[in-house]
Every structure is written in structure tokens, then in C-alpha cells.
Amino acid sequence: LAQEYQAIEDTYLRERYIDIYDVGLQVWRHLNHQPDSVVTPCHTPMVIVANILLPSETVLLDPAWIKGIYFTDSGRNSHAAMLATALGIPVFIDKLGHTQSLQHGERITFNDDSGEIGR
């Protein structure tokens, strides 16, 4: 069903595919006695760069430490983006590929008003 949603032309409805995937994953984890989430609490200010975040992961983020999220494959209509915004976490959509050259753990400067990344 999630794959069928990915083929929908309407952007808003197309982004619902991840919600369906998220519910399916939660059911699978429950049936297989797996942890509900793989989100690890952080205690260092950071910016998340992700293709997608599941809504069930997003609600676990601590806005005191997460200073922004860059989505590379999700849009503003994704529930993860909406939830992050509701939590007070700035959300940016990286349509221009600014994050492609970033390495895991790299230290950057981040302007949470403009989303500009500096090194």
C-alpha cells in the first residue's frame, strides 16, 4: 500500500506513504518483540540530515538538542516535518543538495532562521 501511495500525483497524498510504512513497521516491531523505536536520546546540540524521518521517530526528538532538520527526500507536507515544526524544531527542505557533502559527525554552523550551513 505504501508503494501505491508513492505513485500518487498529488504531493500531499504522495507523502502519506511514509505514514503507512510507519504503522506497518510499528506492527512488525510489536509482533517480533522489537523495540518501538531506534531513536537514541542525544545530549549534544545537533542538526539532523535525513532522507525521511518516521512520524513515530519525530515525536521522540528533543527540541532542546535538535536545532534543525534538513530533509532531502521529504517535503513540508510530510507528517514528520509538521510534527517537528509543532515541536519548535526548524525544518528545511534541501532541494539544492547543500547537505550532500556533509559527513556524519561533521561540525557545522547553522542559522536556524535561514537554514544556512557553514563549516
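Guide: Start with what contact means here: heavy atoms within 4.5 Å. The model is predicted. Leaving aside neighbours within four places in sequence, Asp 22 is in contact with Leu 54, Pro 55 and Ser 56.

Visitor: Where is Asp 22 found?

Guide: Asp 22 belongs to helix H3, which covers residues 17–31.

Visitor: Which side chain makes a polar contact with the side chain of Asp 22?

Guide: A polar contact is a pair of N or O atoms within 3.5 Å. The side chain of Asp 22 has such a contact with the side chain of Ser 56, at 2.7 Å.

Visitor: Which side chain of opposite charge is nearest to Asp 22, and how far away is it?

Guide: A salt bridge needs a side-chain nitrogen of Lys or Arg within 4 Å of a carboxyl oxygen of Asp or Glu. For Asp 22 the nearest side chain of opposite charge is Arg 29, 5.9 Å away. Asp 22 is buried and has no salt bridge.

Visitor: How many salt bridges does a search of the whole structure find?

Guide: The search finds one. Asp 19 forms a salt bridge with Arg 16, and their closest N and O atoms are 2.8 Å apart.

Visitor: Are Asp 19 and Arg 16 buried or exposed?

Guide: Buried means under 20% relative accessible area, and exposed means over 50%. Both Asp 19 and Arg 16 are buried.

Visitor: What about Glu 15: where does it lie?

Guide: Glu 15 lies in the loop between helix H2 (11–14) and H3. Glu 15 is buried yet has no salt bridge. Its nearest side chain of opposite charge is that of Arg 16, at 5.1 Å.

Visitor: Which backbone nitrogens does the side chain of Glu 15 reach?

Guide: One is the backbone nitrogen of Gly 75, at 3.1 Å. Another is the backbone nitrogen of Ser 78, at 2.7 Å. With neighbours within four places in sequence left aside, Glu 15 is in contact with Ser 74, Gly 75, Asn 77 and Ser 78.

Visitor: Let us follow Ser 78. Is Ser 78 buried or exposed?

Guide: Ser 78 counts as buried because its relative accessibility is 3%. The loop between S2 and H5 holds Ser 78. Not counting residues up to four places away in sequence, Ser 78 touches Glu 15 and Arg 16. The side chain of Ser 78 also reaches the backbone nitrogen of Ala 81, at 3.1 Å.

Visitor: How far apart in sequence and in space are Ser 78 and Leu 13?

Guide: Ser 78 and Leu 13 are 65 residues apart in sequence, and their C-alpha atoms are 9.3 Å apart in space.

Visitor: Which residues form a nonpolar patch on the surface?

Guide: A nonpolar patch joins nonpolar side chains within 5 Å, from residues with over 30% relative accessible area and no salt bridge. Here Tyr 12, Leu 13 and Met 82 form one, with about 250 Å² of accessible area together. Met 82 is in helix H5, residues 79–86. Met 82 counts as partly exposed because its relative accessibility is 33%.

Visitor: What separation do the C-alpha atoms of Tyr 70 and Val 91 have?

Guide: The two C-alpha atoms are separated by 6.1 Å, while Tyr 70 and Val 91 are 21 residues apart along the chain. Tyr 70 is found in strand S2 (residues 66–71). Its relative accessible area is 5%, so Tyr 70 is buried.

Visitor: Where is the place of Asp 113?

Guide: Asp 113 is in the loop between strand S4 (109–110) and strand S5 (117–118). With 72% relative accessibility, Asp 113 counts as exposed. Asp 113 and Pro 90 are 23 residues apart along the chain, and 7.9 Å separates their C-alpha atoms.

Visitor: To finish, what is the phi of His 33?

Guide: His 33 has a positive phi of about 55 degrees, although it is not a glycine. His 33 is in the loop between H3 and strand S1 (46–50). At 75% relative accessibility, His 33 counts as exposed. From His 33 to Arg 76 is 43 residues in sequence and 33 Å in space, C-alpha to C-alpha.

Definitions and conventions: Residues numbered from 1 in each chain as written. Predicted model: local features only at pLDDT ≥ 70, side-chain atom pairs only at ≥ 80, totals over all residues. Heavy atoms only, no water. Helix = DSSP H or I, 4+ residues; strand = E, 2+ residues; numbered from the N terminus. Buried < 20%, exposed > 50% of the residue type's maximum accessible area, 1.4 Å probe, protein only. Lys, Arg positive; Asp, Glu negative; His and termini not counted. Polar contact = N/O pair within 3.5 Å; in protein donor to acceptor, adjacent residues only side chain to side chain. Patch = residues over 30% accessible without salt bridge, like charges linked within 9 Å, V, L, I, M, F, W, Y side chains within 5 Å. Areas by Shrake-Rupley, 256 points an atom, 1.4 Å probe, with all protein chains shown as cover.
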